[in-house]
Amino acid sequence: MANETLYLRWRSQTFDDVVGQAHVTRTLRNACRAGRVAHAYLFSGPRGTGKTSVARILAKALNCQGEGDERPCNQCDACRAISEGRYLDLIEIDGASNRGIDEIRDLREKVNFRPNQGRYKVYIIDEVHMLTREAFNALLKTLEEPPDYVIFVFATTEVWRVPATIRSRCQRFDFRPIKADLIEARLRQICEAEHYGHDDAALALIARQATGSMRDAISMLDQIVSVGEGMVTADLLREVLGTAPDEAAETLLGLVLDGNLAEALEFLEGLASEGLDMQQFVRDLLELTRALLLVRLGVQPEGVLSPEAVARLAQSARDLEVNTLRHVAGALAQAADQVRHGHLPQLPLELAMVDISGLLNRPIPHPAEAAAPVVPKAPPAVRPHALPDRQGEQRQEPATAGPVRQQEEPPSLERARKMWPKVAAKVHRRDRTLEALLRSSEPCGLEGDTLTIAFAYPFHHACLGGTEEERVLAQAVAEVLGRSLRIVRVVQAPGTAVERQADSDAAGEPKEIPVDEDPLYQVARELGGRVRVIDDGGSTDEQA
C-alpha cells in the first residue's frame with residue numbers, strides 16, 4: 001500500500017515481533033499450544049505498547065489453519081485475511097464511539113451466530129473503559145457465560161475505570177512501557193530495512209521522546225523521514241520537534257546548583273527564544289535529577305544515558321545532599337504540571353529555579369545592588385557544564401551589597417535578638433500563623449551553628465512542631481543573619497509566659513504571667529476547648 005503509514009507497515013504480526021511484552025506473549029503462546037484459552041482477556045497499559053496488536057495476533061493464533069505448533073503462521077488464508085482486515089470472524093469495536101447500551105445489545109444478539117470462516121469469533125473492544133455503566137451491565141451475563149466459540153479481548157489505558165465485575169471475569173495482562181534501548185533497537189531495524197540514513201544519536205533521542213510508546217516512536221521516525229527525505233539526524237530531529245540539545249539539561253541544572261541563577265535564567269531564555277519544547281525539557285531535567293539521586297544512593301540508573309554521562313553524574317553527585325536533590329526533584333515536578341497549562345511555558349521552570357536557589361540558601365542579588373550589571377547577550381551556545389563539586393563547600397560567593405548577606409558582622413546572640421523582628425517579618429510573608437507564634441519568642445542562646453529560641457508558652461512551643469514550619473523559620477533566619485543555623489526550641493518556664501519589662505535593669509528579672517492569660521488560651525476557652533499543660537516532669541494540668 002503506497003500510502004500506508006510506517007507504524008502500520010511495521011505492526012507486529014507474530015508473538016515474536018512484539019517488543020518489550022514477553023511476559024504477555026509467552027503466556028498467550030503457551031495457552032494456544034495447550035488449548036487452555038480463556039473466554040475473556042483484559043489488556044491494560046499505556047498507549048502504543050501493543051495491546052491491540054497482541055489482540056489481533058491472538059485472533060490469528062486461534063484461527064490459524066497452518067500445521068505445527070508455531071501459530072500464527074502468517075501464510076494461511078485466515079492469517080492473511082486478519083492481517084489485511086477482511087476476516088469476518090474478527091470484530092473490532094471502538095468503545096469510545098460505541099459505548100451505549102444499544103450497541104451492546106446488538107453485540108449480544110450477534111454473539112449467538114456461529115463463526116463464518118474460522119473456529120473462533122473474536123471480539124476486540126478498544127478503550128473499553130468508555131462504555132457506560134448500563135452497557136457494562138448488559139455485557140455481564142454474556143461475558144460470564146459466552147458460547148464456546150466466542151473470545152472477548154478488552155483493551156484499555158485506564159483499567160481503574162473498568163468495573164470490578166468485568167475485571168473479575170477476565171484474565172488480565174498489564175502491558176508495560178517499553179524500555180528506551182528496545183525502542184532504539186527496533187527503530188534501527190526499521191531504518192536498515194527501509195534503507196533510511198540515520199545516526200545513533202537521533203534514534204536514541206526518538207526513543208527518549210517516545211516515553212515508552214513504540215507507536216509514538218515509529219510515527220516520529222516517519223515524520224522525520226518525510227522532512228529529511230530519507231535521512232534521520234539529531235540536528236534535524238531537534239529542529240522539527242523543538243527539543244533541547246543533549247547537554248542542555250545538564251548545563252542548566254549545573255548552573256542552578258552552583259548558585260549562578262542569573263546565568264541559568266539567561267541560558268533558559270536563550271533556549272526558549274529558539275522554540276524549545278518546554279514540556280519535554282522539564283522531563284529531561286526530571287530524568288537527570290532522578291539519575292543524580294540514584295547515583296547518589298549507589299544505584300545505577302537505567303535508560304539511554306551514555307557511560308560518560310553516568311561518570312559525570314557520579315562525580316557531581318558525590319557530595320550533594322540527598323535532601324537537596326529531593327527538593328530539586330519536587331520543584332521540577334511541580335513545574336512539569338504547570339507547564340502544560342501556562343501561557344508562558346518557561347515561567348514555571350524559571351520559578352522552580354528561583355525556589356531551588358532559595359532552598360540551597362543562594363542569595364538573589366537585587367539588580368541595583370549587584371557588583372556588575374548583567375549585559376544582555378545572544379542565546380548562549382550549549383556547552384557541557386560540570387555539575388558543582390561540593391567537596392569542602394568553601395567556594396567564594398558573588399559579592400553583593402544587599403541586606404540579605406551581612407557577612408561583615410558575624411552572627412551573635414545580641415544581633416540575633418536585634419534582628420528577630422525582621423525574621424518574623426520574613427516569616428509573615430510565607431506563614432502568618434507561624435509569625436504570630438514567634439511574637440512570644442526570642443533568641444536565648446547561640447553556640448556555634450545552633451540558635452536556641454525560647455518560647456514563653458508551652459502551647460506555642462508545641463504548635464511549631466511541623467517540618468514545613470521549621471524549614472520556613474530556618475530559611476528566614478538564614479536570610480536575615482546571613483548564615484544557616486540549626487534551630488533548637490525551648491520553653492522558658494513550664495506553665496508560665498515570660499514578658500520582659502521595658503524598664504528592667506541590667507539584671508533583667510523576668511515578669512511571669514500565668515498561662516491562662518495567653519491570647520490563644522482565651523480563644524480556646526471561647527470555643528469550648530480544653531488546654532493541657534505538660535511540665536518538665538511529665539505531669540499534666542488540664543484547665544477548662
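**Notebook: helices and the parallel sheet**

I began with helix α5 (residues 101-111), which lies across β2, β3 and β4 and runs at about 165 degrees to β3. For such angles I used axes fitted as lines to C-alpha atoms, for helices over the stretch in contact, with values from 0 to 180 degrees between N-to-C directions. Helices (H or I, at least four residues) and strands (E, at least two) are DSSP runs numbered from the N terminus.

I noted that this is a predicted model, in which local features need pLDDT of at least 70 and side-chain atom pairs count only at pLDDT 80 or more, while totals for chains, interfaces and linings use all residues. Residues are numbered from 1 along each chain as its sequence is written, and side-chain values use heavy atoms, without hydrogens and water.

**Sheet**

I traced 5 strands in an open sheet, ordered β2-β3-β4-β1-β5, with parallel pairing. Two strands pair if DSSP finds at least two bridges between them. The edge strands, β2 (90-94) and β5, each pair on one side only. Neighbouring strands are turned by 15 degrees against each other on average, direction ignored. I found 5 bridges between β1 and the parallel strand β4 (residues 150-156); L42 has F154 as its bridge partner in β4. Helix α3 packs on the sheet, touching β1, β2, β3 (121-126) and β4, and its direction makes about 175 degrees with that of β3.

**S53**

I located S53 in helix α3. S53 is buried, at a relative accessible area of 14%; buried means under 20%, exposed over 50% and partly exposed in between (1.4 Å probe, protein chains only). Leaving aside neighbours within four places in sequence, S53 is in contact (heavy atoms within 4.5 Å) with R11 and S12.

**Helix α2**

I checked α2 (residues 22-34): its 13 residues reach 18 Å from first C-alpha to last, close to the expected 18 Å. The expected span is 1.5 Å times one less than the number of residues. V24, T25, L28, R29 and A31 are its buried residues. Seen down the axis of α2, they fall within an arc of 160 degrees, so they line one face of the helix. The arc is that of the directions from the helix axis to the C-beta atoms. These buried residues pack against β1 (40-44), α3 (51-63) and β5 (171-174). Just after α2, G35 takes a positive phi of about 70 degrees.

**Helix α16**

I then examined α16 (residues 322-339), whose buried residues include T324, L325 and V328. The buried residues of α16 are covered by elements including α12 (248-257), α14 (278-296) and α17 (347-359).
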